[in-house]
Structures are given as structure tokens and as C-alpha cells.
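Open the model in a viewer and keep the selection tool at hand. The stops below say what to select next and what is there.

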Amino acid sequence: MIAVNFTTARSRFKDFCNKVTDEAETVVVTRKAQKNVVIISAERYNELAKAELNAAFLGKLERGLAQVHAGLGIVKTMDELEAMADDGE
């Protein structure tokens, strides 16, 4: 990880972009009042976004499983489910 102040980041922006994309580096741009920003590659961003979505999905599954274990689930037969699908429910 590289930490640079805003002025340096602005003057060497291309260099830092190349480090991020070519060397998988992370650049933290420090700013006043702790309003820092981080520069990462689109590839790394997509990985983080996917991990966040996966974590949210797993959380939903865990909550659903907890509801089933608490007896809050609804039991349907396959015929009932197919009928619901046919009805557009």
C-alpha cells in the first residue's frame, strides 16, 4: 500500500494509476480532515463488490435458516409449488 498526499497524487496521477493496474498496488490519498480516498483497480473493486454481495446473500440464507429452525417456515409440497408457479404467484 502506498500513501500519498493529494498534491503528490495529482501531480503523479498517471504513475499511481499504473502502479494500481500493473502492480496490483493500493494507493491511499490523504486529504485534510481525514477525508482520505483509496485508489484500487477495477478488477479489485469488482472482487470487493462481489464479496459484499456474497456476504449479504449468505446473511439472508442464515436468517432464513434460523427462521426455519425456529419453526417459522412454511411447508409446501412440490405440487403446491408448481401450482403457485402456474398461477404466477
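**Stop 1**

Select Asp 87, which counts as exposed because its relative accessibility is 58%, over the 50% cut-off. The model is a predicted one. Asp 87 belongs to helix H4, residues 78-87.

Now widen the selection to the whole of H4. How many of the ten residues of H4 are buried? The number is zero, so H4 lies largely in the open.

**Stop 2**

Select residues 2-5, which make up strand S1. Which residues of S1 are on the covered face, and which on the uncovered one? Ile 2 and Val 4 sit on the covered face, while Ala 3 and Asn 5 sit on the uncovered face.

To see a bridge partner, pick Asn 5 and then Thr 30 in S2.

**Stop 3: Lys 50 in H3**

Select residues 42-69, helix H3, and find Lys 50 within it. Is Lys 50 buried or exposed? Lys 50 counts as exposed, because its relative accessibility is 55%.

Finish with a distance: from the C-alpha of Lys 50 to the C-alpha of Asn 18 is 24 Å, and the two residues are 32 apart in sequence.

How values were computed
Residues numbered from 1 in each chain as written. Predicted model: local features only at pLDDT ≥ 70, side-chain atom pairs only at ≥ 80, totals over all residues. Heavy atoms only, no water. Helix = DSSP H or I, 4+ residues; strand = E, 2+ residues; numbered from the N terminus. Buried < 20%, exposed > 50% of the residue type's maximum accessible area, 1.4 Å probe, protein only. Pairing = 2+ DSSP bridges.
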